[in-house]
Amino acid sequence: MKSKTRFVCSECGYETRKWLGKCPACLQWNTFTEEIVEAAADSAPRASLPKAIPLNEVSKESERRAQTGIQELDRVLGGGIVDGSLVLVGGDPGIGKSTLLLQICGVLSENIKILYVSGEESVKQIKIRAERLSVNNGNILMVSETNFENINGLIEEIKPQVVILDSIQTVYSEQLTSAPGSVSQVREVTGHLMRIAKGQGITVFIVGHVTKEGAIAGPRVLEHMVDTVLYFEGERHQNYRILRAVKNRFGSTNEIGLFEMTQHGLKEVNNPSGLFLDCRAKDQPGSVIVASLEGTRPMLLEVQALVTPTSFGIARRMATGIDYNRLTMLLAVLEKKVGMQLFNHDAYVNVVGGIRIDEPACDLGVIASVAGSFKNQPVDPDIVIIGEVGLTGEVRPVNQVDKRIIEAKRLGFKKCLVPSGNKSSSTANIDGIELLYAGTVEEALAFLF
Ligand code: TYD
Ligand code: MG
């Protein structure tokens, strides 16, 4: 008898009984792959039903967390690793995921047993890395394995408190015929791991590689299933790495952790603003300092722009570290509201340090850097620029402006350009730094040039 099959969209995991050319969920074409449906194994009657508890009797005892001592990591996780949670660490190959996890093992292994499963490297290779990181503890048990049934057996035998699976794309379950890394394998294995995490209170870290589109390979289904999704990002050729929580059932998703990749593994960066401004070129046209806020932590960053006449054809625009579309919008505002003729100029904008800013609060800084390069005039090196810019050229207020101003003051800046809309008694109370209020882009540029 032909076995029952289903069709799953490899982009989003949508399931159907019939083959479809276009996925009704994510609207992609030709993404359906056929997979075998397993028969439900246990037709035995349920032993016992779960008990529903009245809300007012649910104990408030918060989840137990293990502090890793790596502050940048603990903060991103919302105050430490929650026992029995399933954490996905995603990122480009070579960014440092295995390194980070091995370092986590290093700190956690002081008092707990860890099973480190690698489907990518041999135990010897991991040992070489561990030596580089000075991680050496008998509580870390290493195995190179890709068969999930074997891994499951090992977990039952060893009973570790933490399991690390590097990476989800290399592991397969015998139950399915599809290849490792396919939607169904990834889903199957993750589902099992979820049950292990919740059922036995074992914390599980899964490594996942990222595809070109930026989604964790072996579709988004993975993100929905786990408790926490951390992305490890950064430019491969630069040393800074950012750990970002994209999803977190146990904390905020705004926090970022900052690391530097060194000869001996990842080092925490506790004072990012100081670091990024260290080797900044003062008095250069096109260089400005903005105050970005990542979670609870303000970060001063240098934005650089280079505007040059287009030699032929269409003007080029390039954005590194900021959104491309946002840049073109800001250039259009400069063109229309300030009358800066940028249509026949190439514009390149870069955030120094390989950091990515996703915040509109840095708009005004981008505008100032482009204007500075266009006019070939430097801005005062002692000023920090804060403000979102709207389509009509207005400077819009930003959230938590006080934190940003205080960070600027802490790093020795003398002035802050802030949106008029942020003028309040609390900003007025910050002394030791001069505040310049601007309501429009024109006003702001008048202060700067
Ligand atoms: P790795 O953790 O293997 O990346 P991933 O698991 O995300 O694929 O780290 C890859 C890079 O980090 C590799 O190019 C070497 C570099 N590295 C260092 O610079 N210093 C170190 O101490 C270690 C262990 C790695
Ligand atoms: Mg790796």
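Rings of Phe, Tyr and Trp (its six-membered ring) pair if their centres lie within 6.5 Å; planes under 30 degrees apart count as stacked, over 60 as edge-to-face and the rest as tilted. This is a predicted model, in which local features need pLDDT of at least 70, side-chain atom pairs count only at pLDDT 80 or more, and totals for chains, interfaces and linings use all residues. Residues are numbered from 1 along each chain as its sequence is written, chains are lettered from A and ligands numbered from 1 in the order in which they are written, and side-chain values use heavy atoms, with hydrogens and water left out.

Start with the rings. Searching the whole structure gives two aromatic pairs. One joins Tyr14 and Phe32, edge-to-face, at 6.5 Å centre to centre with 80 degrees between the planes. Tyr14 sits in the loop between β1 (5-9) and β2 (15-16), and Phe32 in strand β3 (residues 32-36), so this pair ties together parts 18 residues apart in sequence. Helices (H or I, at least four residues) and strands (E, at least two) are DSSP runs, numbered from the N terminus. Tyr14 is partly exposed, at 34% relative accessible area. Phe32 is buried, at 8%. Buried means under 20% relative accessible area, exposed over 50%, and partly exposed in between (1.4 Å probe, protein chains only).

The other pair is Phe232 with Phe259. Their ring centres are 6.1 Å apart and their planes at 75 degrees, so this pair is edge-to-face. Phe232 belongs to strand β11 (residues 228-233) and Phe259 to strand β13, so the contact links parts 27 residues apart in sequence. Both Phe232 and Phe259 are buried.

Now the ligand. Ligand 1 is surrounded by 16 residues (a heavy atom within 4 Å). The closest are Gly94, Ser98, Thr99, Thr262 and Gly265. The shell divides into four nonpolar, eight polar and four charged residues. Polar contacts here are pairs of N or O atoms within 3.5 Å. An N or O atom in the side chain of Ser98 is 2.6 Å from an oxygen atom of ligand 1. Backbone N or O atoms also approach ligand oxygens: 3.0 Å for Gly96 and 3.4 Å for Ile95. The protein covers 77% of the 560 Å² of accessible area that ligand 1 has on its own, by the Shrake-Rupley method with a 1.4 Å probe.

Which elements give two or more residues to this shell? They are α2 (97-108), α3 (123-132) and β13 (256-262). Helix α2 gives the most, with three residues. Of its 12 residues, 11 are buried, so α2 is largely enclosed by the rest of the structure. Among them are Lys97, Ser98 and Thr99.

Note on methods. A polar contact is a pair of N or O atoms within 3.5 Å; within protein, one must be able to donate a hydrogen and the other to accept it, and residues adjacent in sequence count only if both atoms are side-chain atoms. Ala, Val, Leu, Ile, Met, Phe, Trp, Tyr, Cys and Pro count as nonpolar, Asp, Glu, Lys and Arg as charged, and the others, Gly among them, as polar.
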